[in-house]
Amino acid sequence: MEVYVYRDLGKPFNEWFDWVIREAELYDYGRYPAKGMGIWLPYGFKLRKNVIELIRKLLDSTGHEEILLPLLIPYNIIIKESEHIRGFEGQLYWVTHGGYEQLDIKLALRPTSETSLSYMEALWIKSYKQLPKKFYQVGSIFRYETKATRPLLRVREVTTFKEAHTVHEDFKDCERQVKEAMDIYSRFFNELGVPYVVSKRPEWDKFAGAIYTIAFDTLLPDGKALQIGTVHNLGQNFSRVFEVRIQRKDESIDYAWQTSYGISERIIASIVAVHGDSKGLVLPFKVAPIQVIIIPIPAGSDEEKKAVMEHAIKLKNDLISRGLRAETDLREDVTPGEKFYIWELKGVPLRIDLG
Amino acid sequence: VTVVRRDSGEKIEVKVSELPEILKKLGEEVDSELSKRAWEAFRKKIRRVNDLNQAKDYLSKERGIIEIPWCGRSECALKASEILEADALGTPLDEVPNVGNEHCPICGERAVTIMRYAKKY
């Protein structure tokens, strides 16, 4: 018998996880004919959107600015920082052709964006007066994972990679930024009720190209650790090779100092895994696509049944106008008991039984 | 009407006129309850162990995160990682762990911090 970290799931965690993301209609995985790539279904997409909005708010309110970089990184750019390319080369997808023509310079699908952004920062940033600069983007990254892929946990297209990249005048300000990033991530995970431990990764497991890496790890119900966030102090490793030079306050010229930090859809997997139970999802109210589900319990004459349905619609509209994400299930070919089962499986935090 | 909480199954009778306020309040309660419950369960699975056999036993049966006194040398953590068949997650940052009289179970030297190990995704 499996020992669960959190709640009794009624079946082994791996089985439960596949079952719940499928049956709750979050994510279709394993059927698309490219390994390690899944589809966010409408209900899952809404959950994802609410989670992204939460991190956007935290980043926007701390002076981060959202951008969007190209998905493709030219060969000569991605190989520039030697440790970085050594760490990632085994996981890169390459675009080698355009139509019938072989490309002069092959293009990598970004595995992360330190190289492409540093290349541009060399053009954008000239002076300490522009610093600190805090960018972030939310998008897909690609990593050719050779280990067994798992939905949301280990995928080849990470669809929800939030990566932040910052630029600073000196090492001290980099250190301050690392602390700010840790604080933002702690607040984010706290809002979602996902527990974590913060560790300085050992030398041999830091991000390829960083001075050091701080990582947030949670535990899934089977007791295995899952990395859900990382913060890297990049020092001048990338700014040197990409020549991101800045004029400092004392008028000397130096390479800029950088940090980067990222989270992915693994946090959504964690919300599912950490709070769920044998009946299915249990979503936090803050990010649930539907916060309140109204189930009409019709009884008596047709007239009375109609009145309950109308009441349900009116109540739903009232609640929506008061800022709640409310929904009602008016289907007549599904019994209230079946509706309870479905909406519990979907993890809606509050249900109203309307008689 | 009856409001039912997904997290606890608890049923609450509420007047329709009071619904919006009460639902918002219940929503906050659900979130703080989910968080509290998850953190309590999580903390129980972080164990401080001095003995490698005991650590190995925990990691194979109940898993979770094991903290072991460490001398600070890479080769000792790599060796422990191999013995435990688990990954070294890293060392704590803020709180300096109290390892006063403890020793690295690999080399026997005085420990300077702890190293965390877990089976990893």
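Predicted model: local features only at pLDDT ≥ 70, side-chain atom pairs only at ≥ 80, totals over all residues.

Visitor: Okay. Which residue in S1(B) does Ile352(A) stand opposite?
Guide: Val3(B).

Visitor: How many bridges join S17(A) to S1(B)?
Guide: Four. The two strands run antiparallel. On chain B, S1 covers residues 2-5.

Visitor: What is the strand order in that sheet?
Guide: Read it as S16(A)-S15(A)-S17(A)-S1(B)-S2(B). That makes five strands in an open sheet, with mixed pairing.

Visitor: Which strands does H9(A) lie across?
Guide: S15, S16 and S17 of chain A. H9(A) runs at about 170° to S15(A). Helix H10 of chain A, residues 336-345, packs on the sheet too, touching S15 and S17 of chain A. Its direction also makes about 170° with that of S15(A).

Visitor: New topic: the interface. How many residues are in contact?
Guide: 58 from chain A and 46 from chain B.

Visitor: What area do chain A and chain B bury between them?
Guide: About 4,500 Å², with 65% of it on carbon and sulfur atoms. On chain A's side, Trp204(A), Arg322(A) and Leu350(A) supply 14% of the buried area, more than any other three residues.

Visitor: What does Arg322(A) form a salt bridge with?
Guide: Glu21(B). Their closest N and O atoms are 2.4 Å apart. Across the interface, the rule finds three salt bridges.

Visitor: How many residue pairs are in polar contact between the chains?
Guide: 21, counting pairs with both residues at pLDDT 80 or more.

Visitor: Which elements of chain A supply at least two residues each to the side that touches chain B?
Guide: Several helices and strands do, including H1 (13-23), H6 (171-192), S11 (225-235) and H9 (302-321). S17(A) gives the most, with five residues.

Visitor: Last one. How does that side of chain A split by class?
Guide: It has 33 nonpolar, nine polar and 16 charged residues.

Methods. Residues numbered from 1 in each chain as written. Chains lettered and ligands numbered in written order. Heavy atoms only, no water. Contact = heavy atoms within 4.5 Å. Buried area = accessible area lost by both parts, 1.4 Å probe. Salt bridge = Lys/Arg side-chain N within 4 Å of Asp/Glu carboxyl O. Polar contact = N/O pair within 3.5 Å; in protein donor to acceptor, adjacent residues only side chain to side chain. Nonpolar A, V, L, I, M, F, W, Y, C, P; charged D, E, K, R; others polar. Pairing = 2+ DSSP bridges. Axes fitted to C-alpha atoms, helices over the stretch in contact; angles between N-to-C directions.
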